[in-house]
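Here are a few notes to read with the model open beside you. Take them one at a time and find each piece as you go.

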Amino acid sequence: MGRTIPAFPARDVVAAVAFYRERLGFEALHHDGGFAVLRRDDAVLHLWEPADRSWASRPASGEGPVRSGAESFLAGTASCRIEVTDVDALYAEMQAAGVLHPVSDSVDTTDFGTREFHVLDLDGNLIGFHTWVD
């Protein structure tokens, strides 16, 4: 298998692209309104705008659930983990940018062999950055 590219739902892709560029250091490789491709080093992310609002007006009369996969409430429900080489330097950068997850008050060592921390994007999608401990 090859590279995995997470796709994060974003309420406003234009605002999300600006956030990823200005606060997380990504560059926009492609952006066409409701979809964007971002890259920082070897990490690539997609942003997409979930625009299906039909769930909000569906009667509660027993109709099946909305299952379009593009429901607007999906923004902020995704997560991914990105392996990095210098987790401490990136932590300092993200701390200065003010994007750390509230529980990431340091780089933590896990019982499964990583040192890691987490950030939240503009919508609340979670990104974990980690390095493996020898």
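1. Helices (H or I, at least four residues) and strands (E, at least two) are DSSP runs numbered from the N terminus. This is a predicted model, where local features need pLDDT of at least 70, side-chain atom pairs count only at pLDDT 80 or more, and totals for chains, interfaces and linings use all residues. Residues are numbered from 1 along each chain as its sequence is written, and side-chain values use heavy atoms, leaving out hydrogens and water.

2. Start with strand β5, residues 79–83.

3. Which strand does β5 run parallel to? That's β8 (residues 126–132), joined to β5 by 5 bridges; two strands pair if DSSP finds at least two bridges between them. Ser 79 stands opposite Leu 126 in β8.

4. β8 is mostly covered, with 5 of its 7 residues buried. It also runs antiparallel to β7, with 7 bridges joining the two, and here Phe 117 stands opposite Phe 129 in β8. The hairpin of β7 and β8 has 5 residues between the strands, and Gly 124 there takes a positive phi near 105°.

5. Now helix α2, residues 87–97: its buried residues are Val 87, Leu 90, Tyr 91, Met 94 and Ala 97. They sit on the same side of α2 because they cover an arc of only 125° around the axis (the arc is that of the directions from the helix axis to the C-beta atoms). These buried residues pack against β3 (35–40), β7 (114–120) and β8, where contact means heavy atoms within 4.5 Å. After α2 comes Gly 98, with a positive phi near 70°.

6. Finally, look for the lining of the largest pocket, to which β5 and α2 each supply at least two residues. Its residues divide into 8 nonpolar (Ala, Val, Leu, Ile, Met, Phe, Trp, Tyr, Cys and Pro count as such), 5 charged (Asp, Glu, Lys and Arg) and 1 polar (the others, Gly among them).

How values were computed
Buried < 20%, exposed > 50% of the residue type's maximum accessible area, 1.4 Å probe, protein only.
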